[in-house]
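The structure comes first, then the findings.

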Amino acid sequence: MVNYISGRIAELTPTYVVIDNNGIGYLMEISLQTYGSLEGKGDARIFVQSQANPREGTTVEYGFASQEERTLFRHITSVSGMGSSSARMILSSLTADELREAILAEDVARLKSIKGIGLKTAQRMVLELKDKIVKGEEVSADSLFRQDTNAAADEAASALQQLGFSKPNISKAIQAILKKNPAASVEQIIKAALQML
């Protein structure tokens, strides 16, 4: 099985990418998340996931800009009743972080807002994926406060938890604050988070 392909981006659209590797063009279906990561780049490393299409008797290659997104794709397609098209739609609608947060926070309404995802499917996703995300390969519950955040963010998160706010809401607020001001102090993070929570 092919794990990844590196090469020149020969063609890029919001739905597929063609990677030229030594004169061979590999076409892979992609999500909008991967499209955004590849846009403007000349070369890329694309992680590959092959999915059989039983109706047509063919295999479709899906490409991902990161292993993290591919892992989430695999998790989503492991949910009963969820196919590759639904997984790609979900990963086009939410970033990897947003999807993890929605599942960990059991935010069924957010999942249900994605085209093609009904109430029962959203509930099934939460039920079947929550443990995989907490105990799985790519995250732990505490890594909602991601490693790329700093000590000030960790301290602020701890203080906000003591004030009674939930981890997923704190995580979302802190990530938004650090996007605007990566060097924010503990006090600045707490003040800004209190206005958002």
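A salt bridge here is a side-chain nitrogen of Lys or Arg within 4 Å of a carboxyl oxygen of Asp or Glu. The model is predicted, and by this rule it holds seven salt bridges. Three of them are listed below.

| Pair | N to O distance | Elements | Separation |
|---|---|---|---|
| R88 and E29 | 2.7 Å | helix α3 (residues 84-93) and strand β3 (residues 24-29) | 59 residues |
| E68 and R100 | 2.5 Å | helix α2 (residues 67-78) and helix α4 (residues 96-104) | 32 residues |
| R110 and E98 | 3.6 Å | helix α5 (residues 108-112) and helix α4 | twelve residues |

In the pair of R88 and E29, R88 is partly exposed at 22% relative accessible area, and E29 is partly exposed at 24%.

E98, the partner of R110, is partly exposed at 27% relative accessibility.

The helix contact involves α8 (residues 167-180) and α9 (residues 186-196), whose axes lie 9 Å apart at an angle of about 125°. The two helices are therefore oblique to each other, and their crossing is right-handed. On the α8 side the contact uses A173, I174, A176, I177 and L178, and on the α9 side I189, A192, A193 and M196. By class, this contact has nine nonpolar residues, no polar and no charged ones.

Key: Residues numbered from 1 in each chain as written. Predicted model: local features only at pLDDT ≥ 70, side-chain atom pairs only at ≥ 80, totals over all residues. Heavy atoms only, no water. Axes fitted to C-alpha atoms, helices over the stretch in contact; angles between N-to-C directions. Helix = DSSP H or I, 4+ residues; strand = E, 2+ residues; numbered from the N terminus. Parallel < 35°, antiparallel > 145°, perpendicular 65-115°, else oblique. Left-handed = near helix turned anticlockwise from the far one by under 90°. Contact = heavy atoms within 4.5 Å. Nonpolar A, V, L, I, M, F, W, Y, C, P; charged D, E, K, R; others polar. Buried < 20%, exposed > 50% of the residue type's maximum accessible area, 1.4 Å probe, protein only.
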